[in-house]
Amino acid sequence: MSERITSHLLRRAVQLSIPFSATVELTARCNLKCPHCYLEPRTGNELGETDWRHVLKQLADLKTFQLCFTGGEAFLRDDFLSLLHYAHELRFNTTVMSNLTQMTAEVAAELADCSIRAVYASLYFANSVDHDRFTGQPGSFAATLSGIEH
């Protein structure tokens, strides 16, 4: 989307007191252990799919335009693709922030079906030794590159 259109939509959203964008942190769980992460690893106490659908519907009713899904690692949720499809049904301009280590060709096809505007990947170094050391997960560099390729 052009900057001009985005700027116009943002100004209009402010005039109408409409939330232009929302970032949805679906989980604090992550398969990596990056030192800069601000999320405390937790288990349990996550909203279920029904609860998230209710939140997304409320955002849609408020006329929110952009929606960014993130986590922890959102792809660790069993219901993540279902939530992406629901966001698509609600006509959000959707993006995803991920380490992409869970991305497969099948998952990439699902993202395409949902008309995801962008996927932002976390790639910390240009080599596997430094990247894997930083993430605390051997093989994360190769997994992220594979996810980017998909």
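**Exercise 1. Which sense of pairing joins β1 to strand β2, and over how many bridges?**

Step 1. Locate the strands. β1 covers residues 21-25, and β2 covers residues 66-70. Strands (E, at least two residues) and helices (H or I, at least four) are DSSP runs, numbered from the N terminus.

Step 2. Read the pairing. β1 and β2 run in the parallel sense, with 5 bridges between them. Two strands pair if DSSP finds at least two bridges between them.

Step 3. S21 is opposite Q66 in β2.

This is a predicted model: local features need pLDDT of at least 70, side-chain atom pairs count only at pLDDT 80 or more, and totals for chains, interfaces and linings use all residues. Residues are numbered from 1 along each chain as its sequence is written, and side-chain values use heavy atoms, with hydrogens and water left out.

**Exercise 2. Which side chains of β1 are buried?**

Step 1. Set the cut-offs. Buried means under 20% relative accessible area, exposed over 50%, and partly exposed in between (1.4 Å probe, protein chains only).

Step 2. Sort the residues by face. A22 and V24 point to one face and are buried.

**Exercise 3. How do α3 and α4 pack, and which residues meet?**

Step 1. Take the geometry. The axes of α3 (residues 80-89) and α4 (residues 105-113) come within 9 Å and cross at roughly 15°. That makes α3 roughly parallel to α4. The classes are: under 35 degrees roughly parallel, over 145 roughly antiparallel, 65 to 115 roughly perpendicular, and the rest oblique.

Step 2. α3 passes α4 in a left-handed crossing. Left-handed means that the near helix is turned anticlockwise from the far one by less than a right angle; right-handed means clockwise.

Step 3. List the contacts (heavy atoms within 4.5 Å). L81, L84, H85 and H88 of α3 meet V107, E110, L111 and D113 of α4.

Step 4. Class them. The contact of α3 with α4 has 4 nonpolar, 2 polar and 2 charged residues. Ala, Val, Leu, Ile, Met, Phe, Trp, Tyr, Cys and Pro count as nonpolar, Asp, Glu, Lys and Arg as charged, and the others, Gly among them, as polar.

**Exercise 4. At what angle do α2 and α3 pack?**

Step 1. Read the angle. α2 (residues 49-61) and α3 pack at about 20°, with their axes 11 Å apart. That makes α2 roughly parallel to α3.

Step 2. α2 passes α3 in a right-handed crossing.

Step 3. Name the residues. E49, W52, R53, L56 and K57 of α2 touch S82, L83 and Y86 of α3. By class, this contact has 4 nonpolar, 1 polar and 3 charged residues.

**Exercise 5. At what angle do the axes of α5 and α6 cross?**

Step 1. Read the angle. α5 (residues 128-135) and α6 (residues 140-149) cross at roughly 105°, and their axes come within 8 Å. The two helices are therefore roughly perpendicular to each other.

Step 2. Name the residues. S128, H131, D132 and T135 of α5 meet S140, F141 and T144 of α6. The contact of α5 with α6 has 1 nonpolar, 5 polar and 1 charged residues.

**Exercise 6. Is L100 buried or exposed?**

Step 1. L100 is in the loop between β3 and α4.

Step 2. Check the backbone. Its phi is near 60°, a positive value in a residue other than glycine.

Step 3. Apply the cut-off. L100 has 4% relative accessibility and counts as buried.

Notes
Axes fitted to C-alpha atoms, helices over the stretch in contact; angles between N-to-C directions.
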